[in-house]
Amino acid sequence: MSGVWVFKNGVVRLENPGDCHVSSTSGRRKVLVHVPSNEVITCYANLERKLYNLGWERYYDDPQLLQYHKRSTIHLISLPMDFSRFKSMHMYDIVVKNRNEFEAYHSSRLQHFRQTVFASSDILLAGCTGGLFVAVVFF
């Protein structure tokens, strides 16, 4: 059983960092941030939207992986099917192949990231919960 134990209002509960919702970013070691929109990527649906907008196409060669290919390059992004297995090496693969679009940050530095890099704008934490899109804006 993996996750983060959260103590809130006298109640202890286990939060799974693989769940695709806003609070899951607190338990992760690294977070992937889409720089132009200041959005923390919390599930594959969000990531796929951003990659499609950058010209990446889904590649269906291996049923065990989510793969994306960009026609103008030889690059291939391969990700595990389960978002809970999405690790920092996958994040850096996306960052390197999409310069100036994505950044990977340690979750403890996310507050510093909000204050310094995007001091004039808001950070949007977005997530997916069972097909329902959830967004929280911090002011």
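Q: What makes I77 the partner of Y68 in β7?
A: In this predicted model, a bridge links Y68 to I77 in β7. That bridge belongs to a set of five joining β6 to β7.

Q: Why are β6 and β7 called paired strands?
A: Pairing needs at least two bridges between two strands. β6 and β7 have five, and they run antiparallel. Therefore β6 and β7 count as paired.

Q: What makes β5 and β7 the edge strands?
A: The open sheet has three strands in the order β5-β6-β7, with antiparallel pairing. β5 and β7 each pair on one side only. The twist averages 30° from one strand to the next.

Q: What packs on the sheet, and at what angle?
A: Helix α1 touches β5, β6 and β7. The direction of α1 makes about 125° with that of β5. Helix α2 also packs on the sheet, touching β5 and β7. The direction of α2 makes about 160° with that of β7.

Q: Why is N98 called buried?
A: Buried means under 20% relative accessible area. N98 has 4%, so N98 counts as buried. N98 lies in the loop between α2 and β8.

Q: Which residues does N98 touch, not counting those up to four places away in sequence?
A: N98 touches L51, L54, W56 and I77. I77 is the bridge partner of Y68 in β7.

Q: How do you know that E39 and K50 form a salt bridge?
A: The cut-off is a Lys or Arg side-chain nitrogen within 4 Å of an Asp or Glu carboxyl oxygen. The closest N and O atoms of E39 and K50 are 3.2 Å apart. That value is within the cut-off, so the pair counts as a salt bridge.

Q: What does the E39 and K50 pair tie together?
A: E39 lies in strand β4 and K50 in helix α1, so the pair ties together parts that are eleven residues apart in sequence.

Q: Are E39 and K50 buried or exposed?
A: E39 has 6% relative accessibility. K50 has a relative accessible area of 15%. Both values fall under 20%, so E39 and K50 are buried.

Q: What makes R71 and E57 a salt bridge?
A: The closest N and O atoms of R71 and E57 are 3.0 Å apart. The limit is 4 Å, so the pair qualifies. R71 lies in the loop between β6 and β7, and E57 in strand β5, so parts 14 residues apart in sequence are tied together.

Q: Why is R71 called exposed, but E57 partly exposed?
A: Exposed means over 50%, and R71 has a relative accessible area of 67%. E57 has 32%, which lies between 20% and 50%. Therefore E57 is partly exposed.

Q: How do you know that K97 and D93 form a salt bridge?
A: The closest N and O atoms of K97 and D93 are 2.8 Å apart. That is within 4 Å, so the pair counts. K97 and D93 are four residues apart in helix α2, so about one helical turn separates them. D93 is partly exposed at 22% relative accessibility.

Q: What makes β3 a partner of both β4 and β8?
A: β3 and β8 share five bridges. β3 and β4 share three. Pairing needs at least two, so β3 pairs with β8 and with β4. Both pairings are antiparallel.

Q: How many residues lie between β3 and β4 in their hairpin?
A: Four residues lie between them. N38 in the turn has a positive phi of about 60°.

Key:
Residues numbered from 1 in each chain as written. Predicted model: local features only at pLDDT ≥ 70, side-chain atom pairs only at ≥ 80, totals over all residues. Heavy atoms only, no water. Buried < 20%, exposed > 50% of the residue type's maximum accessible area, 1.4 Å probe, protein only. Contact = heavy atoms within 4.5 Å. Axes fitted to C-alpha atoms, helices over the stretch in contact; angles between N-to-C directions.
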